[in-house]
Amino acid sequence: MDYIIQFIFSFFATASLCVIFNAPTRVIPYCGLVGALGWIIFYTTMELKMPEVTAYFLGAFVVAICAQGFARKLKTPMIVFIVSGIIPLVPGGLAYNTMRYFVEQNYALGLEMGIRAFLISGAFAMGIVFSEVIFQLFVHFVKNGITSMQSFDRNKRGQ
Amino acid sequence: MIYNEQKDDLALDCLLLAGQIMMESGAETYRVEDTMIRMAHSQNLDAQSYVTPTGIILTLGKQQKTKIISIASRITDLHKIAKVNNISRKLTLKIITLEEAYDELRLIQKTNYFLPFYLQIFMAAVSSACFLILFKGTYFDMPAAFVAGGAGYSALLFIQKLTKVKFFSEFFASFIIALSAFCAVYFGYGLEIDKIIIGAVMPLVPGVLITNAVRDMIAGHLTAGIAKGTEALLTAFSIGSGVAVVLVFI
């Protein structure tokens, strides 16, 4: 039951953020779905008492995988899905606590929170990168066609 | 020969316009470069480009002209990115000609695709209330987060229109959010001020900048990645200081 509530709220949170970022109207439900799936993976990992860095990594990984799938299917740039999907995973609470402890002149705790937020951003970045590379490799093996990962490779571009 | 020169001029303008619209709407740097090069190849032109978040340099070859365009402001407008992407796809598949593409790009540049302000503010308020639940807040706090998020976002839009200084409007918006959260708790309409503030601040978080900074870095655009990362950091800092101003007095 808890998971269903989390899913519904993350769906609406992401979908309404899409309106603020002005995503094309027809893809807004898919954006919501991407955000909700990423959040559910993150939430489950946290409930299983795994380290938070792992949870953020897995969440970002799933978000990027789903975003690429939808980007291919709906012929819309991947950024539309990934931007809104990633927002729930931004460590806003940690950043807030960092700032709050600094304001209260509790510098040791503030630094701890800051370092945690920093590590999480690293996990975040690696999640996006890994999923992108793995997805492209997967598509390459399945289709053996031209993948958009080659657009990362400046030498092969446009051939 | 004269015809060719005109065509090259048109192509240069068209490519730069596409790049400018995408960059101003907050696309990734490597995507902007990729789109411009793809469009150039579809017209049998050999283009080279250098894209940064503040300007684009594009040349069509050794013997050809080079043009620079500067990018003053960057907002998030995913609709425009999708539109330009669509035009570039059509041009590459030769569904439309260069002239048609240029006209359509001009139209896209002029049009405002944003939804009306009241809808944006309402959506910001809804997402604030939803984020409160995601961050383990209580249902009792939802109206407070709703109002705080809406007030914060309308402050952002208003100050942005008034001053055009992005960091100041973010500072002021988070100040309003913290103030309304404090008032809600003070008058008994909310329980946890921390959760309300975190939920209501989420619509202001620079998610686009963070994602783009990371993805540009992977693609090898280190300059653009660092520039965007700095912008994200400054945004986070202005949001944090806006909240801190209120927290100091509690």
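# Exercises on chains A and B

B:Leu134 lies in helix α5 of chain B. Helices are DSSP runs of H or I with at least four residues, strands are DSSP runs of E with at least two, and both are numbered from the N terminus. The model is predicted: local features need pLDDT of at least 70 and side-chain atom pairs count only at pLDDT 80 or more, whereas totals for chains, interfaces and linings use all residues. Residues are numbered from 1 along each chain as its sequence is written, and chains are lettered from A and ligands numbered from 1 in the order in which they are written.

## Exercise 1. B:Leu134 and its surroundings

Determine whether B:Leu134 is buried or exposed, and list the residues that it touches.

Step 1. A residue is buried if 20 or more other C-beta atoms, placed from the backbone, lie within 10 Å of its own, exposed if 12 or fewer do, and partly exposed in between. B:Leu134 has 21 C-beta neighbours inside 10 Å and therefore counts as buried.

Step 2. Two residues are in contact if their C-beta atoms, placed from the backbone, lie within 7 Å. Leaving aside residues up to four places away in sequence, B:Leu134 touches A:Gln6, A:Phe9, A:Ser10, A:Ala13, A:Trp39 and A:Pro88.

Step 3. B:Leu98 stands 36 residues from B:Leu134 in sequence, and their C-alpha atoms are 48 Å apart.

## Exercise 2. The contact between the chains

State how many residues each chain gives to the contact, and describe the side of chain B that touches chain A.

Step 1. Chain B provides 50 residues and chain A provides 38 residues.

Step 2. On the side of chain B, two or more residues each come from α2 (29-42), α3 (78-92), α5 (117-134), α8 (193-201), α9 (207-218) and α10 (222-247).

Step 3. α5(B) makes the largest contribution to this side, 10 residues.

Step 4. The side of chain B comprises 34 nonpolar, nine polar and seven charged residues. In this scheme Ala, Val, Leu, Ile, Met, Phe, Trp, Tyr, Cys and Pro are nonpolar, Asp, Glu, Lys and Arg are charged, and the others, Gly among them, are polar.

## Exercise 3. The plan of chain B

Give the element order of chain B and describe its division into domains.

Step 1. Chain B holds 10 helices and three strands, in the order α-α-β-β-β-α-α-α-α-α-α-α-α from the N terminus.

Step 2. The C-alpha trace of chain B spans about 75 × 30 × 30 Å along its principal axes, and 50% of its 250 residues count as buried.

Step 3. An automatic or database assignment sets the domain bounds: domain 1 of chain B covers 2-110 and domain 2 covers 117-247. Their centres, taken over C-alpha atoms, are 33 Å apart.

Step 4. Eight residues of domain 1 of chain B contact 10 residues of domain 2 of chain B. On the domain 1 side, α2 and β1 (48-52) of chain B each give at least two residues.

## Exercise 4. The strands of chain B

Work out how β2(B) pairs with β1(B) and with β3(B).

Step 1. Strands pair if DSSP finds at least two bridges between them. β1(B) and β2(B) are antiparallel with five bridges, and B:Ser49 has B:Leu58 as its bridge partner in β2(B).

Step 2. B:Ile56 and B:Leu58 form the covered face of β2 (residues 55-59) of chain B, while B:Gly55, B:Ile57 and B:Thr59 form the uncovered one.

## Exercise 5. Helix α6 of chain B

Step 1. Buried residues of α6(B) include B:Phe146, B:Val147, B:Tyr153 and B:Leu156. Among the elements that cover the buried residues of α6(B) are α5, α7 (166-186) and α8 of chain B.

Step 2. B:Lys164 follows α6(B) and has a positive phi near 65°.
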